Every structure is written in C-alpha cells, then in structure tokens.
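Keep the structure open while reading.

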Amino acid sequence: MEVKACEELEARRRNSGSRGRWRKVLYGGVQEGYEDNYTGTRYDEYTFLQEMVENANVRKRSLLIVMRDSVAVSQHACVVGLVGTVWTHALNGDLGAWTLLQLDGVLLVLGFLTLILTHENLRPASLGRHAFDFTMFVVGLYILAPIFQTLTRTFSSDSIWASTICLLLMHLVFHDYSYTTVEPTSTDLDEAVTNLASPTTPRSRADHELLLQRRLKERSTPVTFSANVSLNASIIASVLIASRLPHSLLVFAVMLFSLEFFLLFPLVTHHMRRRSLHFHLAFSCVLIGITLYLIYNLNYLVFTFFVIVLFFITVVSPYELIRIEKFKDEITGPWDEAKLSFSPAASHWETSSTTGAVSYCATSSEGVRLDGE
C-alpha cells in the first residue's frame with residue numbers, strides 16, 4: 001500500500017509539471033491542462049487557501065468612543081421625552097398658550113444663534129433666505145391651527161393616545177442618528193471617488209473635483225428614506241396631540257414647539273458637533289438633566305423607566321457591542337468579487353494586500369483600480 005501511494009504521488013507531480021505552472025488571472029481563463037474552477041493542491045506552489053485573510057476589515061472599537069457616540073441616541077430620546085412633557089402639561093391645562101409662545105420664541109432665537117456660531121459656511125444671504133422660509137412656515141402653521149384643532153374630533157381619546165405612542169416609537173426607531181454622530185472629513189475623499197468611478201465619469205481633474213465637492217456636500221446633508229419616515233411620524237403625532245387642545249392659539253404654540261425640536265433641533269446639533277465635540281457633549285448632558293427633572297416632577301414611575309432606558313442606551317449597549325466583537329469572523333480571499341476603487345498611484349498591475357487579488361492602476365491621477373476583496 002505504501003508503494004502504491006508513493007507511485008500515485010510521483011504521478012501527480014509528473015502530471016503537474018507537464019501541464020506547466022498554474023497562474024491565477026483576474027478573469028478566469030482556461031489554462032491548458034487545468035479545469036476552469038481549479039484552485040490548487042498541496043502539490044502545487046500555489047494553494048487556494050493560502051491567501052485567505054480573517055477579519056481584515058473588522059474595526060476594533062473603543063468602549064469610551066462607542067459610549068460617546070451613543071449620547072446622540074440618548075439625546076434624541078430626551079428630545080422626545082421633553083416634547084412629551086410639554087404635551088402633557090398643555091393637555092392638563094398647566095401650560096398657557098402665551099407662556100409656551102414665549103418659550104418658543106426664546107428657543108428659536110437660541111437655535112439660530114447657535115447655528116450662526118457653529119455653521120462653517122453660513123452666509124448672510126443664505127441665513128436671510130432660511131429666515132424667510134421659516135417665517136412663511138410659521139404663518140402657514142398659524143393659519144392651519146384651527147383645522148388641526150378639529151381634525152380628530154370624531155375619534156376616541158384612547159385611539160389618539162395609542163396612535164401617538166406608536167408614532168413616537170416609529171420616530172425613534174427610524175431617526176437618522178448618523179447625521180449627528182458622523183461628520184464628513186477629508187478622509188472620505190477616496191470613498192467619494194470610489195462611488196463616482198464609472199465608465200461615464202469625466203476624466204478631467206476639474207470635473208472630478210466638481211463631482212467630489214458635490215458628493216461631499218451631499219454627504220454633509222444626507223437625506224434618507226428612514227429619516228423622512230421618522231420626521232413624518234413625529235409631525236403626525238404632533239398633529240394628533242394638537243387636535244385635543246382646547247383652542248387654536250395653544251394648538252399653534254404646541255405645534256411650533258414640536259417642530260422646533262423634531263425639525264430644527266437635529267440640524268443645530270449636527271453643526272454643534274462638527275464645531276466642537278466637547279460643547280456637544282456638555283449640551284447633551286444639560287438637555288438630559290433638564291428632561292429628567294421635568295419627567296421626575298411629572299411622574300416618578302415614568303422617570304424610573306426613562307433612567308433605565310438611558311442607562312441601557314449609554315452603558316449597556318456599548319458594552320455588549322464591544323463584548324460580542326470577539327465572535328465576529330470575517331473571511332476574505334481571492335474568491336471575492338472584484339470592485340472598482342480609486343487609486344492615485346502610478347499605473348501597474350498589483351496585488352491586493354489583504355486578499356491577493358490582481359488589480360490594475362490607471363496611469364492618470366484620476367484612474368480607476370479594480371480590486372478584489
């Protein structure tokens with residue numbers, strides 16, 4: 001048996017040598033003496049699994065950084081809690097219309113001042129246009145306030161409360177938290193060009209720079225389907241609550257307060273974070289403290305539940321995310337599909353450092369590379 005095994009081994013080596021050395025090429029290609037799906041054996045110089053890489057793209061996270069980013073989720077949960085307390089006081093008759101309107105005015109002025117101080121490219125003409133648009137929006141909201149007041153008169157209160165709670169939960173689930181936690185930087189340049197790379201992309205450097213600026217501008221103000229769903233859910237919930245208020249002026253005040261937080265507040269916090277991370281964290285702590293104080297005065301049971309939710313979001317969830325990272329097992333290799341990616345390097349055929357796949361770099365600085373991952 002041992003003699004037979006040795007003879008088979010020697011025969012395989014002779015056959016391998018007669019067929020010539022197998023070469024891995026980019027797009028398959030049938031080589032003489034080899035099958036099209038040949039992956040190598042232990043008798044060849046190349047074996048298929050030698051180029052397998054584990055966890056090449058897995059990013060190690062820091063617990064403190066994840067907890068810091070989770071503050072954005074806690075912050076928006078506090079926004080919903082703060083708006084909910086104002087709704088409750090308005091429905092109970094503890095908050096007057098004129099008092100709430102004064103609070104709306106103060107919050108609006110503070111929001112615009114914060115936006116002016118933190119926005120990097122805000123021009124006076126642009127600020128005036130935004131102020132005009134918001135003024136028209138407020139006038140339209142005041143005109144529609146009597147309609148909102150009588151919108152759900154034929155519905156039962158239980159249906160309104162249940163619908164409002166479901167809409168607020170939908171708002172929290174679909175809200176775009178990355179708009180606050182992720183800001184575009186110069187490191188996104190390569191990814192932006194990767195997304196733009198296509199056979200129809202202009203080849204001149206000026207055209208590329210124009211497209212890159214447009215892409216980075218779009219990334220700085222992202223609009224996603226989930227964000228639209230979240231915003232619409234919050235507006236409908238505000239309309240449902242406003243339809244239970246006694247007079248139209250209070251409806252207008254409550255609707256304006258709700259839209260200031262649901263519509264304008266994310267924009268302010270986005271630019272606040274881009275300007276100063278420490279200022280954003282300090283503001284978030286103040287907002288969380290105010291919200292907890294108002295909820296504590298309203299209902300102790302709700303206060304306890306809200307503290308548990310914030311603790312779960314800020315501490316438990318980041319810890320669990322870091323803990324389960326050790327179970328992640330990502331495998332990459334030459335079997336992965338090649339994809340277009342940008343490379344400013346000189347032209348040559350090269351091999352990917354992670355997977356070993358062959359790629360081509362174009363001669364120009366705007367070239368497109370074909371990588372296998």
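At the start of helix H11, a side-chain oxygen of Ser276 comes to within 3.2 Å of the backbone nitrogen of Phe279. The model is predicted.

H11 covers residues 277-298, which makes 22 residues. At 1.5 Å a residue, the helix should span 32 Å.

Which residues of H11 are buried? They are His280, Ser284, Leu287, Ile288, Thr291, Leu292 and Ile295. Viewed down the axis of H11, these buried residues fall within an arc of 135°, so they line one face of the helix. The face turned away from the buried side carries exposed residues: His278, Cys285 and Tyr293.

What do the buried residues of H11 pack against? Their partners are helix H2 (63-92), helix H6 (178-181), helix H10 (248-275) and helix H12 (300-323).

### Salt bridges

Side chains of opposite charge can pair when their charged atoms come close. With a cut-off of 4 Å between a side-chain nitrogen of Lys or Arg and a carboxyl oxygen of Asp or Glu, the model has 4 salt bridges. Among them are the pairs in this table.

| Pair | N to O distance | Relative accessible area |
|---|---|---|
| Glu325 and Arg61 | 3.2 Å | Glu325 13%, Arg61 37% |
| Arg273 and Asp69 | 3.0 Å | Arg273 7%, Asp69 26% |
| Arg323 and Glu320 | 2.9 Å | Arg323 36%, Glu320 30% |

Take Glu325 and Arg61, which form a salt bridge. Glu325 sits in the loop between H12 and strand E2 (331-332). Arg61 sits in the loop between strand E1 (53-54) and H2. The two residues are 264 apart in sequence, so the pair ties together separate parts of the chain. Glu325 is buried, whereas Arg61 is partly exposed.

Arg273 and Asp69 also meet in a salt bridge. This pair links distant parts of the chain: Arg273 belongs to helix H10 and Asp69 to helix H2, 204 residues apart. Is Arg273 buried or exposed? Arg273 is buried, because its relative accessible area of 7% is under the 20% limit. Asp69 is partly exposed at 26%.

Elsewhere, salt bridges that share partners join Arg68, Asp69 and Arg273 into one network.

### Pro318

Helix H12 also holds Pro318. How does Pro318 count, buried or exposed? Pro318 is buried, with a relative accessibility of 2%.

Which residues does Pro318 touch, leaving out those up to four places away in sequence? The contacts are Leu63, Val66, Met67, Ser70, Phe312 and Ile313. Arg68, a member of the salt-bridge network, is 250 residues from Pro318 in sequence. In space, the C-alpha atoms of Pro318 and Arg68 are 9.3 Å apart.

Key
Residues are numbered from 1 along each chain as its sequence is written. This is a predicted model: local features need pLDDT of at least 70, side-chain atom pairs count only at pLDDT 80 or more; totals for chains, interfaces and linings use all residues. Side-chain values use heavy atoms; hydrogens and water are left out. Helices (H or I, at least four residues) and strands (E, at least two) are DSSP runs, numbered from the N terminus. The expected span of a helix is 1.5 Å times one less than its number of residues. Buried means under 20% relative accessible area, exposed over 50%, partly exposed in between (1.4 Å probe, protein chains only). The arc is that of the directions from the helix axis to the C-beta atoms. Contact means heavy atoms within 4.5 Å. A polar contact is a pair of N or O atoms within 3.5 Å; within protein, one must be able to donate a hydrogen and the other to accept it, and residues adjacent in sequence count only if both atoms are side-chain atoms.
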